[in-house]
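Colleague: Hey, I'm new to this one. Can you put it up and talk me through it?

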Amino acid sequence: MPSIAFTRNLQRHVACPPCEVAGATVRESLEAAFARYPKARGYVLDEHGALRFHMAVFVNGVPISDRQGLSDPVPDTAEIF
């Protein structure tokens, strides 16, 4: 199961400790995390569901390429940051 960790900067504003999530894509994984920490959604995604301009998401240390649809694949043992 992928693990997801939000930055300390975001954690100063909203409770969102690291967790394990289910998901085959970045969007599915983020949605699983937002189900636990709904207040984090507005900090990470814009009103259209795309990644906010000032945010970055990495899967196993590699930046994602689809900032709009968040369709990048997430391996079962991935670390998402």
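Predicted model: local features only at pLDDT ≥ 70, side-chain atom pairs only at ≥ 80, totals over all residues.

Colleague: Okay, so is Leu70 buried or exposed?

Modeller: Leu70 has 0% relative accessibility, and the cut-off is under 20%, so Leu70 counts as buried. You'll find Leu70 in the loop between S4 and strand S5 (79–80).

Colleague: What about the phi of Leu70?

Modeller: That phi is positive, about 55°, although Leu70 is not a glycine. Most residues other than glycine have a negative phi.

Colleague: Where does Asn60 sit, then?

Modeller: Asn60 is in the loop between strand S3 (58–59) and strand S4 (62–63). Asn60 isn't a glycine, yet it has a positive phi of about 50°. Its relative accessible area is 44%, so Asn60 is partly exposed.

Colleague: Switching topic: how many aromatic pairs are there in the whole structure?

Modeller: The search turns up 1 aromatic pair. Phe6 and Phe34 form it, and they are stacked, at 6.4 Å centre to centre with 20° between the planes. The pair links distant parts of the chain, with the two residues 28 residues apart. Phe6 is in the loop between strand S1 (3–4) and helix H1 (8–13), while Phe34 is in helix H2 (residues 26–36).

Colleague: And are those two, Phe6 and Phe34, buried or exposed?

Modeller: Both Phe6 and Phe34 are buried. Phe6 also shows up in the largest nonpolar core, which has 24 residues. Those with the most contacts inside that core are Ile4, Phe6, Val26, Val44 and Leu51.

Colleague: Which element gives the most to this core?

Modeller: H2 does, with 4 residues. In soluble globular proteins, nonpolar side chains tend to be buried together.

Colleague: You mentioned Val26. What is Val26 in contact with?

Modeller: Setting aside neighbours within four places in sequence, Val26 is in contact with Val57, Val59, Ile64, Leu70, Asp72 and Val74.

Colleague: What classes make up the lining of the largest pocket?

Modeller: The lining has 13 nonpolar residues, 1 polar and no charged ones.

Notes: Residues numbered from 1 in each chain as written. Heavy atoms only, no water. Phe/Tyr/Trp six-rings, centres within 6.5 Å; stacked < 30°, edge-to-face > 60°. Buried < 20%, exposed > 50% of the residue type's maximum accessible area, 1.4 Å probe, protein only. Nonpolar A, V, L, I, M, F, W, Y, C, P; charged D, E, K, R; others polar. Core = buried A, V, L, I, M, F, W, Y, C linked by side-chain atoms within 4.5 Å. Contact = heavy atoms within 4.5 Å.
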